[in-house]
Amino acid sequence: MKYKIMRMICMFDLPSDTSQEQRIYRTFRKNLIKEGFIMIQYSVYMRTCPNRDYCKRLEKRIQKFIPEKGNIRLLVITEKQYDDMKIFIGSKSETEKTIGTERMIII
């Protein structure tokens, strides 16, 4: 079975006016990080997945901790599509460069 590496991108806009909303925002962000996501921009997180089936299972896990309010979007793209992304201002973060297509880095 040939694995096709995918990238899951999570984009979110959550309210953060009150201290409770800020706590909910931080909790959501921490849960994304626990699931292996890294920040590529503010409120835009990404992680690699070995295949589309894994992406579907990950989506179900994310649904368990999404907040009631806000806007959260998941986008799954191929590694080739991700590599074709153009960065007009700025550059990839050091974490993003280090991880590349690897799912686990041992330091």
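**Close-up views of a predicted model**

View 1. Residues are numbered from 1 along each chain as its sequence is written, and side-chain values use heavy atoms, with hydrogens and water left out. A pocket is an open set of points on a 1 Å grid over the protein atoms alone, where a 1.4 Å probe fits and protein lies on both sides within 12 Å along at least five of seven lines; lining residues have an atom within 4 Å of a point. Among the 15 lining residues, Ile 40, Gln 41, Met 85, Ile 87 and Glu 96 are the closest to the centre of this pocket, and β1 and β2 (38-41) are the elements that give two or more residues to the lining.

**View 2. The largest nonpolar core has 15 residues.** Such a core joins buried (under 20% relative accessible area, 1.4 Å probe, protein chains only) Ala, Val, Leu, Ile, Met, Phe, Trp, Tyr and Cys residues through side-chain atoms within 4.5 Å. Leu 32 and Phe 37 have the most contacts inside this core, to which β1 (6-13), α1 (19-34), β3 (44-49) and α2 (52-63) each supply at least two residues.

**View 3. Leu 32 and its partners.** Beyond its neighbours within four places in sequence, Leu 32 is in contact (heavy atoms within 4.5 Å) with Cys 10, Phe 12, Phe 37, Tyr 45, Ile 62 and Phe 65. A second, separate core of six residues includes Ile 9, Val 44, Met 46 and Ile 77.

Note on methods. This is a predicted model: local features need pLDDT of at least 70, side-chain atom pairs count only at pLDDT 80 or more; totals for chains, interfaces and linings use all residues. Buried means under 20% relative accessible area, exposed over 50%, partly exposed in between (1.4 Å probe, protein chains only). Helices (H or I, at least four residues) and strands (E, at least two) are DSSP runs, numbered from the N terminus.
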